[in-house]
Amino acid sequence: MKKRLAKVISLTCAASLMFALTACSSSSPEQPAAPQEQETEAPAEQGAETPSADTSFPEDTVNIICHAKEGGGSDALARQVAQVLQDQQGWSVTVENKTGGSGSVGMQFVQNSKPDGYTIGTAPVELSMIEALGYAELNPEDVSLLGCGMSWPAALYVPADAPYDTLEDFVNYCKENPGKVQVANSGIGSIWHIGACVLADKADIEVTHVPYDGATGAMTALLGKEIDAAVVGTCEGYSYVESGDLKCLASFSEERSSVLPDVPTTAEQGYDANVICWVGFLAPQGVDDAALTVLQDALKTAFESEDYIAFCDGRGCDSTYFSPEEFLEMAAADYTYYSQLISDLGIVAE
């Protein structure tokens with residue numbers, strides 16, 4: 001994942017991140033005045049000035065706000081992390097779904113929540129898009145990013161009995177029938193809608209984009225043959241390929257998916273349509289440094305746990321960990337990239 005994202009990050013001129021380290025010096029031992037008085041005052045002052053030493057957080061339930069509908073990849077991520085935090089840290093953790101606006105509803109809810117550390121949320125790649133789409137005045141700089149530990153590429157799915165077996169077949173069919181093929185996505189302005197638009201642009205085809213409430217809704221419509229194709233994530237459709245209900249014509253990536261090893265990528269088939277979804281976690285700005293550190297450290301531990309890595313592997317997702325600083329750099333780079341792409345493709349939120 002980091003190999004791919006390095007290409008995206010290179011699209012922006014990222015300013016260097018500078019961290020200033022401050023040191024608290026104690027009284028000099030050579031100072032002659034009242035040594036006993038200094039020894040009694042120093043511990044008292046140290047205790048009064050180090051609230052970050054308080055490790056009582058969290059004392060209440062931590063609520064994870066998931067931006068996506070139940071049943072999709074982001075929802076599964078939120079619930080897996082909640083379970084790992086409960087198992088590893090002994091925390092009480094709940095997950096609540098707040099959908100809409102290409103993820104902006106859930107993210108804005110977290111942004112506007114009390115900054116006490118008890119309300120955090122999933123931070124999808126759409127965080128880098130929704131401002132350009134006009135959904136909300138919200139970008140990666142407006143929240144506290146806690147870390148990222150999951151990504152997966154877009155993929156093109158069609159019914160098992162569709163009249164095309166390869167991406168080239170699909171492209172030719174669309175060219176012969178301009179605007180006839182209906183392609184489902186997880187909502188206008190979502191990463192999967194962007195993926196479908198990128199493919200249509202690169203292949204020079206005309207399709208009709210049909211938005212649904214999340215990837216689950218899109219896949220349900222495809223399985224019911226309400227539409228002709230769907231662009232969602234590899235992790236959200238590979239099981240239907242295994243069951244024989246659907247065919248996958250391409251993953252939108254440079255390397256093949258571990259859960260769809262027989263499916264060629266868009267790059268292999270001559271199309272520069274590399275669309276990757278990432279999901280991390282965010283908190284409101286202004287959370288106390290001590291609580292913020294606890295959250296960041298706990299998530300890092302969760303992302304690096306065997307259970308979490310096995311979960312990602314089982315769903316065909318990359319579990320590469322990005323620290324809060326790396327996550328911000330990545331999200332900021334994607335903000336620049338997708339803002340330009342959305343403008344170039346003329347994508348407008350509805």
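Start by selecting Asn139: leaving aside residues up to four places away in sequence, Asn139 touches Leu127, Glu131 and Tyr335, where contact means heavy atoms within 4.5 Å. Before going further, note that this is a predicted model, in which local features need pLDDT of at least 70 and side-chain atom pairs count only at pLDDT 80 or more, while totals for chains, interfaces and linings use all residues. Residues are numbered from 1 along each chain as its sequence is written, and side-chain values use heavy atoms, with hydrogens and water left out.

**Stop 1: around Asn139**

Stay on Asn139, in the loop between helix H5 (130-133) and strand E4 (144-159). Helices (H or I, at least four residues) and strands (E, at least two) are DSSP runs, numbered from the N terminus. Is Asn139 buried or exposed? Asn139 is buried, with a relative accessible area of 13%; buried means under 20%, exposed over 50%, and partly exposed in between, using a 1.4 Å probe and protein chains only.

Now show the side chains. That of Asn139 makes a polar contact with the side chain of Glu131 at 3.4 Å, and the Asn139 side chain also reaches the backbone nitrogen of Glu141 at 2.8 Å. (A polar contact is a pair of N or O atoms within 3.5 Å; within protein, one must be able to donate a hydrogen and the other to accept it, and residues adjacent in sequence count only if both atoms are side-chain atoms.)

**Stop 2: backbone geometry**

Most residues other than glycine have a negative phi, and most peptide bonds are trans. With that in mind, select Phe57 and Pro58, which are joined by a cis peptide bond with omega about -5°. Pro58 sits in the loop between helix H2 (35-48) and strand E1 (62-66).

Next, pick Ser102, in the loop between strand E2 (93-97) and helix H4 (104-111). Its phi is positive, near 55°, and Ser102 counts as buried at 13% relative accessibility. Then move to Lys225, which has a positive phi of about 60° and lies in the loop between helix H8 (214-223) and strand E7 (229-233).

**Stop 3: the cavity**

Finally, select Leu156, Phe170, Val183, Ala196, Leu199, Ala200, Ile205 and Val207, which line the largest cavity. What is the volume of this cavity? The volume is about 40 Å³. Helix H7 (residues 191-203) gives the most to the lining, with three residues.

Technical notes. 1 Å grid on protein atoms, 1.4 Å probe; cavity = no way out; pocket = protein on both sides within 12 Å on 5 of 7 lines; lining within 4 Å. Points joined across faces, edges and corners; volume = space filled by probe spheres on them.
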